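Q: I would like to learn how to read strand pairing, helix packing and chain contacts from a model. Could we work through a case together?

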Amino acid sequence: MPPLVVVEELHHSFPDGWDALSGVSLSIERGEFLALIGPNGSGKTTLAKHLNGLLKPSHGRVLVAGMDTREVPVSTLARHVGYVFQNPDHQIFSPTVGEELAFGPREQGVPAEEVQERVARELEAFGLAPYAQVPPAVLPPSLRRKVAVASVLTTCPELLILDEPTVGLDALEQEELLQRVAAYRDAGGTVLLISHDLELVGRWASRCALLSAGRLVALGAPEEVLADVEGLLAAGMRPPALVQLSALLPELGLPKRLFCPEELGLLLAPLFGS
Amino acid sequence: MDALYVPGGSLLHRADPRLKLLAAPLWAAVLLSYNNLWVMSAIVAALVLLYLACGIPAGTLKLVARLVAPVAILIPLLWPLFYRSGPVLFAPFGLSITAWALAQGLAASVRIVGLAYLGAGVLMTTSMRALLRALVELRLPYEAALAVTIALSYIPRLQRIYEQVTEAQLARGLDLSSGGFRRRAQRRVPILVATLVTALRSADVLARALECRGFGRKGVRRTSLFQIRWQRLDTVLALATAAACAALLFLRARYGFGAHPLFLH
Amino acid sequence: MPVVLIEDLYYAYPPLVARQERPALQRLNLRVEQGEFVAVAGRSGAGKSTLCLALCGVVPHSTGGTFGGRVVVCGHDTRRHGPAELSAFVGVVFQDPESQLFAPTVEDEVAFGLECQGLPPNVIAERVSWALSKVGLSEHRLRNPSYLSGGQKQRVAIAAAIALQPRLLVLDEPTASLDPVGTQEVVQVLASLRADQDTAVVMVTQEAELIAEFANRLVILSEGQVVYDGPPEDALLEPEFLWQHGVRPPAIGQLAAALRRRGIPARFVTLAQASQFLRLHLAAEGKACPL
């Protein structure tokens, strides 16, 4: 099966002259959970906005589900790509949570009965059923975040892009959210996650793309990308804590690729033999 | 916030903002009372030369001209169509374009340009901080000045929010390009609502933050970090301006100097 | 005199619909002394932000609702003194750096509170310089705050709060909206504030690293009540407890827990402590991983 997304030699320069992306090439396979990491200004959001046509390439091209983003309007791409923005308040406008969830599929011409089904499903999945008739604007920030994600999932996108979705959520809510996203992925979806939280990325992503100053400098499994201390530092990122720990103690000969506490504990425990 | 302001150290820049705020209307009064094309053109030319001498780039002056151009061009075109006075110059399509009316129209146009440059002159040589401080010193209530400052800081913020919200809604499939005018206007509603709500939330946080910094404290007289001081230079300029304006207004009132668009008497 | 004395606090926001009111805070008792750095954690909706607002008087003066018990800050009862009066003693920094700032220059932003206090202009100028140097933004004095980065904006907000030299500084999730670079910038400011023993700091945060680094006391709220009030280390060593209350246990702490489960008495929570422990017990003996 061809990849869901193909990015070929993508260059993007903004009108004020800033080169946000220089020659980025990558492909996203269906069913992947790709994490896009990199410091602020590295081009993560710029790259993501190319995937639903909000931005068009200065050079190179982007193919999403076989369509060239330069030739297809954003509203068409929106049927295939769901984008959850950083600030949920930028999306929320409806009088009730139910309406908000129904907006996307309705706008795309999905028949009313199916819209109701999808809405009911997402209300259930996010625990929002008690709030179905409540205006989303009066809900606390964490629930608004859930409403925003749910209202994108009701459009049943092939690719789900999440831009820093965990800001403002406590640890349990973050888990809940990522589990829902993982369930979407298991049901056939594809995920692109932009996040600063390297521990989160290490836990959930199947692949990591590291951007630095508009270039793709690393692409691979989290165990490789997140454990490459030099690479991360060169890109302007602080490695995850356990990776830093391994790097601080070279004399122990720890294989640096471990960032999971359980695995590291397993490896260290026998050394306390005496 | 300071859209027209160009920082500098010239005479106009160093002049007390209160002086500028009082001198501009004074000169505006002169322009409004005069009808003479030559006198008013001389004033406008003097203003432009003064600004150039004070380091205002030609580009900024052209910007002001561009802003006022539509009105300035329309007036001399329309004026002769509505007023007739003096010898007829030409008569297309049964209308008669008279010389004095044309001159009148041109004079009115120059007046508008002059008024625009007077106002712009204040904005180009005075930062918003200085302006607001001057207004407060001239007895504008502090709350009003604060409201202006906050409103000005919200303009770019609202614009940013509007753009981000538009992107978020486009990403959900909102179709802004198809359909007739009414449908397209309706489609903007989600964007306007989300922008407004986001802005209101932001305003709420700001209100709390300002309260927590002491805004609204009763029984304490506010002070200001930014001070404006009236200096000897200002007294000199004030006297010079007052004298010039008084002279011009006197000539106009007593001798009818400058009442006619083309002739000085 | 304690900086903060809260006795039997009850607070419920005015209900949105005519349902029963749900209290945001109940039976809350808290005492904070000068020089303490208290971290406040808890799940979303546990009442952390409400507590911050109660400390500066916004609750109940600007929010209405039902208020019971008392909150005394630097000897002032918040029922009788509104936020504007309390601003002389309490400085507050909110979560969103963008929304707190409005002034045309950084200098004006920091000076605002001092102007409201009616201080003479030369004193204001001094305090502004001092506050800006404390947060490391002296060279940005005349810049428009809207052009600054998130971390810089938040530092301006902190400068604006400390310029009043309050005895209590309240920070509501100051790094939650920031990227790692911005978080580091704020962390550095927090470090310099902690060294200053005249102020008490109450910081709401969900980030275990910040708690481990700065707090000498941890308060955890759940459904408006205090469920933990004690040394941070004890709580940070219990990953299950942290999860339950919405704090993601630090990976380092989880490693220590993994080792403890295998009988090794590991009690570290920060990177520094962990490497010290491992060096002490392993490297010293020349132990290394079998290749």
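Q: Which residue is the bridge partner of Glu7(C) in E4(C)?

A: The model here is a predicted one. As a general idea, strands of a sheet pair through backbone hydrogen bonds, either parallel or antiparallel. In this case the partner of Glu7(C) in E4(C) is Arg70(C), and the two strands concerned, E1 (residues 4-12) and E4 (residues 66-73) of chain C, run antiparallel and are joined by 7 bridges.

Q: What is the order of the strands in the open sheet of chain C that has antiparallel pairing, and which strands are at its edges?

A: The order of this sheet of 4 strands is E2-E1-E4-E5 in chain C. Strand E2 (25-32) and strand E5 (76-77) of chain C are its edge strands, each of them pairing on one side only. Helix H1 of chain C packs on this sheet, where H1(C) touches E1, E2 and E4 of chain C and has a direction at about 120 degrees to that of E1(C).

Q: Which strands does helix H1 (residues 48-56) of chain C lie across in the sheet that contains E7(C)?

A: H1(C) lies across strand E3 (37-42), E6, strand E7 (168-172), strand E8 (200-204) and E9 of chain C, and runs at about 150 degrees to E7(C). These strands belong to an open sheet of 6 strands in chain C, with the order E6-E7-E8-E3-E9-E10 and mixed pairing. Strand E6 (90-93) and strand E10 (225-230) of chain C each have a single partner strand and stand at the edges, so one side of each has no neighbour in the sheet. From one strand to the next, the twist averages 15 degrees.

Q: How many bridges join E9(C) to E10(C)?

A: There are 5 bridges between strand E9 (residues 217-222) of chain C and E10(C), and the two strands run antiparallel. Within this pairing, Ser222(C) stands opposite Gln225(C) of E10(C).

Q: How many residues lie between E4(A) and E5(A) in their hairpin?

A: The hairpin formed by E4(A) and E5(A) has 2 residues between its strands, and Ala65(A), in the turn, has a positive phi of about 50 degrees. Strand E5 (residues 67-68) of chain A is joined to E4(A) by 2 bridges in an antiparallel arrangement, with Met67(A) as the bridge partner of Val64(A). Strand E4 (residues 59-64) of chain A also runs antiparallel to strand E1 (residues 5-13) of chain A, to which 5 bridges join it, and there His11(A) stands opposite His59(A).

Q: At what angle do H7(B) and H9(B) cross?

A: In general, two packed helices are described by the angle between their axes and the distance between the axes. The axes of helix H7 (residues 142-170) and helix H9 (residues 189-212) of chain B cross at roughly 135 degrees and come within 9 Å, which makes H7(B) oblique to H9(B). The crossing of H7(B) past H9(B) is right-handed. Among the residues that make this contact are Leu158(B) and Ile161(B) of H7(B), and Pro190(B) and Ile191(B) of H9(B); by class, the residues of the contact are 8 nonpolar, 4 polar and no charged.

Q: How many residues does the contact take from chain C and from chain B?

A: The contact takes 34 residues from chain C and 26 residues from chain B. On the side of chain C that touches chain B, H5(C) gives the most, with 7 residues, and this side of chain C has 19 nonpolar, 9 polar and 6 charged residues.

Note on methods:
Residues are numbered from 1 along each chain as its sequence is written. Chains are lettered from A and ligands numbered from 1 in the order in which they are written. This is a predicted model: local features need pLDDT of at least 70, side-chain atom pairs count only at pLDDT 80 or more; totals for chains, interfaces and linings use all residues. Two residues are in contact if their C-beta atoms, placed from the backbone, lie within 7 Å. Ala, Val, Leu, Ile, Met, Phe, Trp, Tyr, Cys and Pro count as nonpolar, Asp, Glu, Lys and Arg as charged, and the others, Gly among them, as polar. Two strands pair if DSSP finds at least two bridges between them. Axes are lines fitted to C-alpha atoms, for helices over the stretch in contact, and angles run from 0 to 180 degrees between N-to-C directions. Angles under 35 degrees count as roughly parallel, over 145 as roughly antiparallel, 65 to 115 as roughly perpendicular and the rest as oblique. A crossing is left-handed if the near helix is turned anticlockwise from the far one by less than a right angle, and right-handed if clockwise.
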